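This briefing sets out the main features of a protein model, grouped by topic. The sequence and structure are shown here for reference.

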Amino acid sequence: MTEREGSRWIRGRTALVAFAVVTALAAGGVWFGQASDRASAVDAAPKTSAVQDVKEDGKLSGGLPGVRDCGIGAPESKPHVITLTCKDAGMVATGIAWKYYGSREALGVGVVQVEKAGAGVGRDGGFPATFRLYGPKPVDGGQVFTGLEVTYEGSTPLGDTTEMYTLA
């Protein structure tokens, strides 16, 4: 091999190594960027123990059904928080934004916050989900939704993609 061929080989190898490093850094940046997008939805939602103190009383309006959290208290219209496991409050639907709220059903999106000890799952965390209220019935003189369907967008706390809860 001559001096000239050797220097070409070294330059080619250097260029290949530089390309591999730049590609790896770009792929890592995309991966980390996506992880932070998913995490920001979870971080923005309050944790379950803090949620219990920030519930607002939403007055019923227009004859629409409300939600009685854990089947007690006055019905609340368009609640932002719904306790899913009433026995220990280990799973709470939080940050609910209602896309549709009608007389027969309501559809919204939010995050299910889970405390490991309370729910019997492997870790604390938040899980983005969609929520569907259904089954309006008269209870204590007012209309209330009696069921909640939770459909997870991605990973789930208990392994099911859809869970059903009784509210009234």
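**Thr130 and its setting**

Thr130 is partly exposed, with a relative accessible area of 28%; the cut-offs are under 20% for buried and over 50% for exposed, so this value falls in between. The model is a predicted one.

**Contacts of Thr130**

- The bridge partner of Thr130 in E5 is Thr151.
- The C-alpha atoms of Thr130 and Thr151 lie 5.3 Å apart in space, although 21 residues separate the two in sequence.
- With residues up to four places away in sequence not counted, Thr130 touches Gly108, Val109, Glu149, Val150, Thr151 and Glu153.

**Sheet architecture**

- An open sheet is formed by 6 strands, ordered E1-E2-E3-E4-E5-E6, with antiparallel pairing.
- Strand E1 (82–83) and strand E6 (162–166) are the edge strands, each of which pairs on one side only.
- E2 and E3 run antiparallel and are joined by 8 bridges; a hairpin of 3 residues connects E2 to E3.
- Within this pairing, Ala97 stands opposite Val109 in E3.
- The antiparallel pairing of E3 with E4 extends over 10 bridges, and Gln113 has Gly126 in E4 as its bridge partner.
- E4 also pairs with E5 in the antiparallel sense, over 10 bridges.
- E3 is mostly covered, since 7 of its 10 residues are buried.

**Nonpolar core**

- The largest nonpolar core has 21 residues, of which Ile82, Leu84, Val112, Phe131, Leu133, Leu148 and Val150 touch the most other members.
- At least two residues of this core come from each of strand E2 (91–101), strand E3 (105–114), strand E4 (125–139) and strand E5 (142–152).
- The strand that gives the most to this core is E2, with 5 residues.
- Apart from its neighbours within four places in sequence, Leu133 is in contact with Val67, Ile82, Trp98, Tyr101, Arg104, Glu105, Ala106, Phe145, Gly147, Leu148 and Leu167.

**Aromatic pairs**

- The model contains 3 aromatic pairs.
- The ring centres of Tyr101 and Phe145 are 5.7 Å apart and the planes stand at 85°, so this pair is edge-to-face.
- Because Tyr101 lies in strand E2 and Phe145 in strand E5, the pair ties together parts that are 44 residues apart in sequence.
- Tyr101 and Phe145 are buried.
- Phe127 and Tyr152 also form an edge-to-face pair, because their ring centres are 6.5 Å apart and their planes are at 85°.
- Phe127 is in strand E4 and Tyr152 in strand E5, so this pair ties together parts that are 25 residues apart in sequence.
- Phe127 and Tyr152 are both buried.
- Trp98, Tyr101 and Phe145 are linked into a cluster by ring pairs.

**Links between topics**

- Tyr101 and Phe145 are among the contacts of Leu133, and both belong to the ring cluster that includes Trp98.
- Val109 is one of the residues touched by Thr130, and Val109 in E3 is also the residue opposite Ala97.
- Val150 is another residue touched by Thr130, and Val150 is among the core residues that touch the most other members.

Notes. Residues are numbered from 1 along each chain as its sequence is written. This is a predicted model: local features need pLDDT of at least 70, side-chain atom pairs count only at pLDDT 80 or more; totals for chains, interfaces and linings use all residues. Side-chain values use heavy atoms; hydrogens and water are left out. A nonpolar core is a set of buried Ala, Val, Leu, Ile, Met, Phe, Trp, Tyr and Cys residues joined through side-chain atoms within 4.5 Å. Buried means under 20% relative accessible area, exposed over 50%, partly exposed in between (1.4 Å probe, protein chains only). Helices (H or I, at least four residues) and strands (E, at least two) are DSSP runs, numbered from the N terminus. Contact means heavy atoms within 4.5 Å. Two strands pair if DSSP finds at least two bridges between them. Rings of Phe, Tyr and Trp (its six-membered ring) pair if their centres lie within 6.5 Å; planes under 30 degrees apart count as stacked, over 60 as edge-to-face and the rest as tilted.
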